[in-house]
Amino acid sequence: MKKFVFAMCALLTTFGTYAQKKVFKEVGEGISTQLKVIHQDNTLVGYLSFTELEKTNKDSFSYKITIMDENLNDIGTVNFKNKKLTLRSVAFEQDVICLAYIKSNMYHQEFKTKKEYNKAERVADDELYMQFLGLDGKIINTKDNRLIMSHTAVYVPPAARVGRGKLTSVQALKHDVQLSNIPQKGFACFYGDGNGKNLLVYNTAGEQTWSKKITEKAEGYRMLVSNQDVFFLCKEYYTVEGSYKVFGYGTVDSTVFPTRDLKDKQDNPLKVISFENDPVSGRPYISGSIIAKKRAAKFISAKHLSTGAYAGVFTMNATDGKSNEFKEVYTYWSDNSKANISRKGYFRNERCYAVFEESFKDYEGNTYFTGNSLYRKTNIGGIIASVLTAPLIVPPIFILTLGGTQRCKVKDPVVIRQDREGMVSFQKYIPSTRNAFHPAAANYAAFCDNNDFGVVNSTETKNNYIIVYEPRNIVIFDVKQNKQVRSIPRNDGNTYTSIFPAKEGHIMVSEYDFKARSTSLSIEAL
């Protein structure tokens, strides 16, 4: 499930103590709230609001934590004072909530001159602050870890200044905090700062029991806890599609799972779309697209897709052994067993190519892939215009350079299913908003951001739902029924609607009222 952060100017009142609804209003400056999801075993189990109240002195603030269950009912509060804190992540295990903050004396401070800023930066005090809470609202333990963060001086416009300072500081970790529970053990926390990349393990009493320095070099990391093992998916280079690796550690016996480059047996790099735990086995799986080796370093366009940019799709299921061994399932478009799909990935009946952006496993061992479909056709108008202006030499060159001989556009999202043996079947289109045509040679990333994708699971009904976030609507697609079951307008002029993860089989609907300057959160069944 995707994580989210919801920030607003102030937290006000709630109504309907037992209703699955809560209202937040903006009432004043100087009070801010963050709403975080509480996860256990990668499943949402509740919510937590972290509110910064008044500043008590030069270096101290008052804070209030409100713990809510999966229905948004308040079940506990915590009040405390500390330095400037920013909440980064929350996890839950054995009735203990673990919170990871960044604590800094530089946060939101304003400085009149660069000299004053430089002086403060030399004595900057940055820490990873771990806090452990009981459901009764009591603080069980806290831990501090010294951080070395990058600081950048940023000009503050007059209208945004709190005091008279012209500069403020923006701090950043090299790799942001990731926090997860370890079943029956405690919590795993990963971060990267100027001292390197660190994996810390705490028990539910808030004591650090194990640590590991991560030496694998990469530009990005994704942590996944499975049973009592911690796996990492890392991306070596952001500029290259592919370049993924996976490695891990056993937190019980300090087993090291060796690093594995994610490529198929033909040395084609793999594009990872999903790295999660299987809903049945609980072990990790990796799924995504197989990148044709000849195109590994190129950007995606309709032109590249038509030449076989992707060789197929894959699923890798972790074995039950104490290693990072995976059972691999590869589906290649070129194996001639799929009459509906050409060897270059063209869906003949649907007359489109597919760029998959979301993947997940159902409760029967199948892997689903969904993403935008890309339609390509000849640019007849551009060709005619270039022919008519041919005697002028320059205009046809200009026309063909900008428009090309082919055009493309993003069409309705597609859904395909890969079974355990690797057989692929086209499921359905998900109706979507119409989009404009673009040159076929244009970078797909420049015009594909109309739709975002998410997944909601239900263990009770053993069903999955695909959420398509369109510019105008939010579409919910029932995988088991293979049909669209709901469409929610995003903006009707008075309210703006967003969808966030919620408890099993539900979604959180957030509606911001422009006139009332309030946000209504409700938990709704799918």
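**Strand partners, rings and cysteines**

Me: Which residue in β11 stands opposite Tyr129?

Reply: This is a predicted model, with residues numbered from 1 along each chain as its sequence is written; local features need pLDDT of at least 70, side-chain atom pairs count only at pLDDT 80 or more, and totals for chains, interfaces and linings use all residues. Strands β10 and β11 (residues 139–146) pair in the antiparallel sense over 7 bridges, where pairing needs at least two DSSP bridges between the strands. In β11, the residue opposite Tyr129 is Asp144.

Me: How many helices and strands does the protein have?

Reply: Both are DSSP runs numbered from the N terminus: helices are H or I with at least four residues, strands are E with at least two. The count is 4 helices and 37 strands.

Me: How many residues of strand β10 are buried?

Reply: Buried means under 20% relative accessible area, exposed over 50%, and partly exposed in between (1.4 Å probe, protein chains only). In a regular strand, side chains alternate between the two faces of the sheet. Here Asp126, Leu128, Met130, Phe132 and Gly134 point one way, Glu127, Tyr129, Gln131 and Leu133 the other, and all are buried. For β10 (residues 126–134), the buried count is 9 of 9.

Me: What is the bridge partner of Ala100 in β10?

Reply: Strand β8 (residues 96–104) runs antiparallel to β10, and 9 bridges join the two. Across from Ala100, the partner in β10 is Met130.

Me: Which residue in the hairpin of β10 and β11 takes a positive phi?

Reply: This hairpin has 4 residues between its strands. The positive phi is near 90°, and the residue is Gly137.

Me: And in the hairpin of β5 and β6, which turn residue has a positive phi?

Reply: Strands β5 (residues 60–69) and β6 (residues 74–82) pair antiparallel over 8 bridges. Thr66 stands opposite Thr77 there. The hairpin has 4 residues between the strands, and with a positive phi of about 70° the turn residue is Leu72.

Me: Which residue lies over the face of Tyr129?

Reply: Ring pairs put Tyr129 in a cluster with Phe50, Phe61, Tyr63, Phe80 and Tyr101. A charge sits over a ring if NZ of Lys or CZ of Arg is within 6 Å of the ring centre and within 35 degrees of the ring normal. At 4.4 Å from the ring centre of Tyr129, the residue is Lys103.

Me: How many aromatic pairs are there?

Reply: Rings of Phe, Tyr and Trp (its six-membered ring) pair if their centres lie within 6.5 Å; planes under 30 degrees apart are stacked, over 60 edge-to-face, the rest tilted. The count comes to 24.

Me: Why is the pair of Phe314 and Tyr330 tilted?

Reply: Phe314 is buried at 0% relative accessibility, and Tyr330 is buried at 16%. Phe314 is in strand β24 (residues 310–318) and Tyr330 in β25 (residues 326–332), so the pair ties together parts 16 residues apart in sequence. The ring centres are 6.5 Å apart and the planes meet at 40°, so the pair counts as tilted.

Me: How many disulfides does the structure hold?

Reply: A disulfide needs two cysteine sulfur atoms within 2.5 Å. Cys189 is buried at 0% relative accessibility, and its closest cysteine sulfur, in Cys98, is 7.0 Å away, too far for a bond. The number of disulfides is 0.

Notes: Heavy atoms only, no water.
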